[in-house]
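We will go from stop to stop.

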Amino acid sequence: MSKRPRTSTMIASLPLLFTAWSCMAEPIHIGAVYPLTGAVAEDGAVVLKGAKLAVKIFNDAGGLNGDKIDFLVEDGACIPAQSVASAEKLISANKVVALAGAFCSSSTGATMDVALRYKVPMVAGISTAPNLTERGNRYLFRIQATSQMLADAFASKMMQIAGGKKVAFLVVNDDWGRSIATCYKTSLEREGAQVVSTQIFDTNETDLFSYITNVKRAEPDAIMMAANTQNAITVTEQLRQMNVKSKLFGEGSFTAKSYYDAVGKKGDGIGGLMPYISSFDNPVNKQFVEMYKAAYGEIPNNNAAAGFEELTIITNALKTSGKEEPEALRDAIAKSSTPGPSGEIKFNEKGQGYGFTVFLSQNEEAKAEVAATAQIDKPN
């Protein structure tokens, strides 16, 4: 997968046009698998915006010795089989030397096996299922706090806000949602919580009233949710229609602009367990927010930050290694310490990121305010 050598001399009889073409800088092929169709397409589009911004910064600065990134994106739709096919195409046909994605934990879990088989480094910015970095794949690097990390960081504060001990779960039926029901249960029970109901819905369901009815009957003090944008909108609308009074918490898109555009103040009062908040007082974040606003005319959310961080880590590895070879990039990422919008990102021996700040937010007036912060220490 090493880069083909440039032609340094040309046969004298070839036209000047071909001589000029041979001296042009060759692109560096970087790939990404994001959900651009399906239930989480809105979120995937925002991740892509952040990633493209990082690529633009790298290319505008001259790339690597004049070689600029050709950023190739395939749609994984958060379907594992489709995400695998997309990764196969990017690596085997397009010869990408690094990969980003694949958003949903189930798709990342499938796609990382492709990265391992071809020995291509893969940076995952969204997926939180804890088992991903426990599988011994030296080519996967996750820059997101796992659901277990977020649960451990904020379980005590969540129970304090809830003002009671009874907890219910309302989560999407995928690796991410199911892991939240497991991880938060463990952390919350350590704080004295009692789980009274666990409801798991499919991502393509639009009528969630039966699940919400079961939750409401259990009379929980708090409900922990997992939902990306479209599901988060549906959950919020139907919880409000059923006049559920429990304190609401969620991982996912409960602070996204598209979510607020749809639900407005109906989202107020929801607590978000978040890897990023645009108001974080950090010099790197302030610069990122301004660049993102200039590029897209809007404030970035956690999905935008994740895409930006994925590609920033890859472009920094290109700079530090000085090579566009997969193994050199893998080693550079493993040793890297990258300033990001939420703080410094480092990796442990399993490829799990740490060192950055995570947030417990509180939705007020259709925007997220910081209720608590925690720093992710190096995991064992």
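Predicted model: local features only at pLDDT ≥ 70, side-chain atom pairs only at ≥ 80, totals over all residues.

Residues are numbered from 1 along each chain as its sequence is written, and side-chain values use heavy atoms, leaving out hydrogens and water.

**Stop 1: the sheet.** Select the five strands of the open sheet, in the order β2-β1-β3-β4-β5, with parallel pairing. Strands here are DSSP runs of E with at least two residues, helices are runs of H or I with at least four, and both are numbered from the N terminus. Two strands pair if DSSP finds at least two bridges between them. β2 (69-75) and β5 are the edges; each has a single partner strand, so one side of each lacks a neighbour in the sheet. Now pick β4 (residues 122-124): three bridges join β4 to β5 in the parallel sense. Met122 stands opposite Leu140 in β5.

**Stop 2: the helices.** Contact means heavy atoms within 4.5 Å. Axes are lines fitted to C-alpha atoms, for helices over the stretch in contact, and angles run from 0 to 180 degrees between N-to-C directions. Next, helix α11 (residues 302-321) touches β1 (28-34), β2, β3 and β4.

**Stop 3: the cysteines.** Select Cys78 and Cys104, which form a disulfide with sulfur atoms 2.0 Å apart. The cut-off for a disulfide is sulfur atoms within 2.5 Å. The S-S torsion of Cys78 and Cys104 is about 95°, so the disulfide is right-handed. Both Cys78 and Cys104 are buried. Buried means under 20% relative accessible area, exposed over 50%, partly exposed in between (1.4 Å probe, protein chains only).

**Stop 4: the rings.** There are nine aromatic pairs. Rings of Phe, Tyr and Trp (its six-membered ring) pair if their centres lie within 6.5 Å; planes under 30 degrees apart are stacked, over 60 edge-to-face, the rest tilted. Show Phe141 and Phe347: their centres are 5.3 Å apart and their planes at 70°, so the pair is edge-to-face. Phe141 is buried at 2% relative accessible area, and Phe347 is buried at 7%. Finish on one aromatic cluster: Tyr276, Phe288, Tyr292, Tyr296 and Phe308.
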